[in-house]
Amino acid sequence: MGKRSRQRKKEHQNNSKPGGRDNRDNAGWGAGYADIIKENKLFEAYYQELGLVPEGEFDQFMEAMREPLPATIRITGYKSHAKEILHCLKNKYFKEIQEVEIDGQKIEAPQPLSWYPDELAWHTNMSRKILRKSPLLEKFHQFLVSETESGNISRQEAVSMIPPLLMKIEPHHKILDMCAAPGSKTAQLIEMLHSDMDVPFPEGFVIANDVDNKRCYLLVHQAKRLNSPCIMVVNHDASCIPRLQIDTEDGHKGTLFYDRILCDVPCSGDGTMRKNIDVWKKWTTSNSLHLHGLQIRIAVRGVEQLAVGGRMVYSTCSLNPIEDEAVIATLLEKSEGALELADASADLPGLKWMPGVTKWKLMTKEGQWYKDWSEVPANRHTQIRPTMFPPTDTEKLANMKLERCMRILPHHQNTGGFFVAVLVKKAPMPWNRRFPKVHTHVHAGEDSEECVCSDSVLCSRPPPNKKMKRHGFKEDPFVFLTEDDPVFPPIESFYDLSPDFPKINVLTRTHEGKKRHLYMVSKELRNVMLNNSERMKVINTGVKVWSRNSDGEEFGCAFRLAQEGIYTLFPYIRSRMITVSVEDIKILLTQENPKCFMFSSSVSTGMGSIVLKFRPDNSNPDGPQCPIELCGWRGKTSIRAFVPRNERFHYLRMLGVEVFRDKQGQGPREEEKEVKEEVGEGETENGNKDGSAKQELKEVKIEVTKEEKPL
């Protein structure tokens, strides 16, 4: 493909979606689009007239909208080494950055987001260009990229972090993310579910949905970084996402209702102008008018599937009341008291936001204003709907408490623009109380909510016996193993698995032939999958725990441990364990095939797959203060670690060893040595290497201190 063709394809991909949903989560490091003029008179006239910005602040608001968006990072909070990463950032990279000068000016050090708990989110004004102007900043950038790929850091826009925090996730919650791609918020939800790392299978789960098949694979990539058995990615139209069945504790079939739902809908995205610069020239009021109906349909489908007592967070990156308060008011009015807006004002101390508005009006792209539905001419009734206006009943409007909605303005805390509202379900939706149950064979408990409302904001689900049309990539089947599957005895014996190991949670992706990989899902996700194979299109689920390795058969087990699933499996493994020291891990991660005699620990375990276990020494505050479990292979005279590249780098950093790629054309410094790393992503099915990892990583350098040089 020629250069021009590639450029045209890239531009098409960048411009194929409205500005709001696609790139909101992944804030860029500095802005491009230098040729786009950041002016839109219609936008300014519209928001000035609406009065959403406090008096006297509109110029500040517009000035902030024209400034590049700060880059923000979030440290993965549930992993036990989050504190180690934070310590590394604050005491190494951020301190070094303070000493850097670019073009005669000192670099402003990153700052924590004041409202994000435990200093786990930070923002910086450094652009990509600046990051590449200094070796120290380049190393910081490489650190961010590497830790992002290994799932320990997410580069995510600050306002995008707000909705999951307001959901108040607990480990037992069943969670639905309705419009999830690209997945940064989904990752937050998974983290909160795993708040206790000592529990390998939380009772809850996250079902992450997106209507776009290709974008579902972005979700898969995000989810896989977190190595959770409690995430499932599905591909459906959120406005008609199917009702799922589950087996209840009393042995009946029941309807699945979610404890928490994230309804982050497609929107016009005018809050993203600081990052998605092309929104400036594309913005028009028509965008909001076209999306309003879809937003209502998605939100209605969400509250239908919400459990009584549950919370649904509705959010957009649009500042427009047509997409924000108008949707919330419609939901509240149609709910007839079943829903109420929660007061989230105290949930995020330090976050500055504006209360929701109770008055707004509508403007066409020609500049025509309408204050009420009665003013709209008949020829406009197909584009403009009554639900776009505030309720006319003043008492009903007051009872909605729309001021509990939260609008984040860019100039208040140097962020993007955003809107969020928290809804609590007090009772079943009224149309489900008035209409008979659609499927009488389903035991639905207190609340049988199928799409049966005749209102135009709802849609009906196809009958369950109709075969679902499947588009996009064809997925391999998900096949659960039975407890007496012949694959288990050698695995149980070799790893001395504890009796409570949940064999029925193990699945594979093939009906026939040898099983190449074994995966695990949580008990409740298994329940969902077994009861809904014809209802939902599953793109991916589970975490890989074992991979076939033919060399292992002669040692008693054809399956070696997979690093992705070690945190899930570890509590059940009672043998094949080698305790290692800090120095042992450095040897394992910087040498290709270190000999057994080089280790300080006993390596008397027999040949085959092993677990390398490190436990922190409380008497040594300079050492890592988090436990580490690595998968490895015990050969006849040597041991090697089966750890993917970026995780390998991550653990080395936790041990105080600096890792970075040398710039092309530059040789290593005196204090550096080259490490040719072969184990990891280049691994083939039988455990041999295909050479690609070696080629890819030959430019990687590991910087060591004098004391570490003997390694």
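Cys405 is buried, with a relative accessible area of 0%; buried means under 20% relative accessible area, exposed over 50% and partly exposed in between (1.4 Å probe, protein chains only).

The model is predicted: local features need pLDDT of at least 70, side-chain atom pairs count only at pLDDT 80 or more, and totals for chains, interfaces and linings use all residues. Residues are numbered from 1 along each chain as its sequence is written, and side-chain values use heavy atoms, leaving out hydrogens and water.

**Exercise 1.** State how many disulfides the structure holds, and describe Cys267.

*Solution.*
1. A disulfide is taken as a pair of cysteine sulfur atoms within 2.5 Å.
2. The structure holds zero disulfides.
3. For Cys267, the nearest cysteine sulfur belongs to Cys317 and is 3.3 Å away.
4. Cys267 is buried, at 1% relative accessible area.

**Exercise 2.** Locate Cys317 and give its UniProt feature.

*Solution.*
1. Cys317 sits in the loop between β13 (306–316) and α13 (325–335); helices (H or I, at least four residues) and strands (E, at least two) are DSSP runs numbered from the N terminus.
2. Cys317 is buried, with a relative accessible area of 1%.
3. An unreviewed UniProt entry places the feature "active site" at Cys317; such annotations may be inferred rather than shown by experiment.

**Exercise 3.** Give the strand order of the open sheet of five strands, then its edges.

*Solution.*
1. The order is β20-β21-β22-β24-β25, with antiparallel pairing; two strands pair if DSSP finds at least two bridges between them.
2. The edge strands, β20 (479–480) and β25 (559–561), each pair on one side only.
3. Strand β24 (residues 543–548) pairs with β25 over three bridges, and Arg548 stands opposite Phe559 in β25.
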